[in-house]
Amino acid sequence: MNKDDFIPTRLSLLHRLKNWEDQQSWQDFFNTYWKFIYGVAMKTGLSDAEAQDVVQETVVTVAKKIKDFQVDAKRGSFKAWLTHIT
């Protein structure tokens, strides 16, 4: 575990991400979660360059799928969803 595993999920940010045009929120999302995504990718044995590509691909996938994400304890946490996408 590293400190990025303990980033608190801000539901207000997740809600704002549903607006693709909200570039400030997307920048906030990237600044908050890129190290978490990168860490997940590195744990699978990828190289630095490959993990950086995974960060980019994951952010694009989140942008496409965030409208379908629902906060529901029975379905799992946002970070579990993000890890799955990564």
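This is a predicted model: local features need pLDDT of at least 70, side-chain atom pairs count only at pLDDT 80 or more; totals for chains, interfaces and linings use all residues.
Colleague: Why is Thr 58 called buried?

Modeller: Thr 58, which lies in helix 3, has a relative accessible area of 3%. Buried means under 20%, so Thr 58 is buried.

Colleague: Which residues does Thr 58 touch, not counting residues up to four places away in sequence?

Modeller: Thr 58 touches Ile 37, Leu 82, Ile 85 and Thr 86.

Colleague: What makes Asp 28 partly exposed?

Modeller: Asp 28 belongs to helix 2, and its relative accessible area is 21%. Buried requires under 20% and exposed requires over 50%; Asp 28 is therefore partly exposed. Leaving aside its neighbours within four places in sequence, Asp 28 is in contact with Arg 10, Leu 13 and Arg 16.

Colleague: Why are helix 2 and helix 3 called oblique to each other?

Modeller: Helix 2 and helix 3 pack at an angle of about 135°, with their axes 9 Å apart. Angles over 145 degrees count as roughly antiparallel and those of 65 to 115 as roughly perpendicular, the rest up to that limit being oblique. Helix 2 and helix 3 are therefore oblique to each other. Their crossing is right-handed. Among the residues that make the contact are Trp 26, Phe 29 and Trp 34 of helix 2, and Val 55, Thr 58 and Val 62 of helix 3. The residues of this contact divide into 14 nonpolar, two polar and one charged.

Colleague: What makes helix 2 oblique to helix 4?

Modeller: The axes of helix 2 (residues 23-43) and helix 4 (residues 78-85) come within 10 Å and cross at roughly 60°. Angles under 35 degrees count as roughly parallel and 65 to 115 as roughly perpendicular, so helix 2 is oblique to helix 4. Helix 2 passes helix 4 in a right-handed crossing. In this contact, Phe 29, Tyr 33, Phe 36, Ile 37 and Val 40 of helix 2 meet Phe 78, Lys 79, Leu 82 and Thr 83 of helix 4. These residues comprise seven nonpolar, one polar and one charged.

Colleague: How do you know that the buried residues of helix 4 line one face of the helix?

Modeller: The buried residues of helix 4 are Phe 78, Lys 79, Leu 82 and Ile 85. Seen down the axis of helix 4, they fall within an arc of 120°, so they line one face. Their cover includes helix 1 (11-17), helix 2 and helix 3 (48-65).

Note on methods:
Residues are numbered from 1 along each chain as its sequence is written. Side-chain values use heavy atoms; hydrogens and water are left out. Axes are lines fitted to C-alpha atoms, for helices over the stretch in contact, and angles run from 0 to 180 degrees between N-to-C directions. Helices (H or I, at least four residues) and strands (E, at least two) are DSSP runs, numbered from the N terminus. A crossing is left-handed if the near helix is turned anticlockwise from the far one by less than a right angle, and right-handed if clockwise. Contact means heavy atoms within 4.5 Å. Ala, Val, Leu, Ile, Met, Phe, Trp, Tyr, Cys and Pro count as nonpolar, Asp, Glu, Lys and Arg as charged, and the others, Gly among them, as polar. Buried means under 20% relative accessible area, exposed over 50%, partly exposed in between (1.4 Å probe, protein chains only). The arc is that of the directions from the helix axis to the C-beta atoms.
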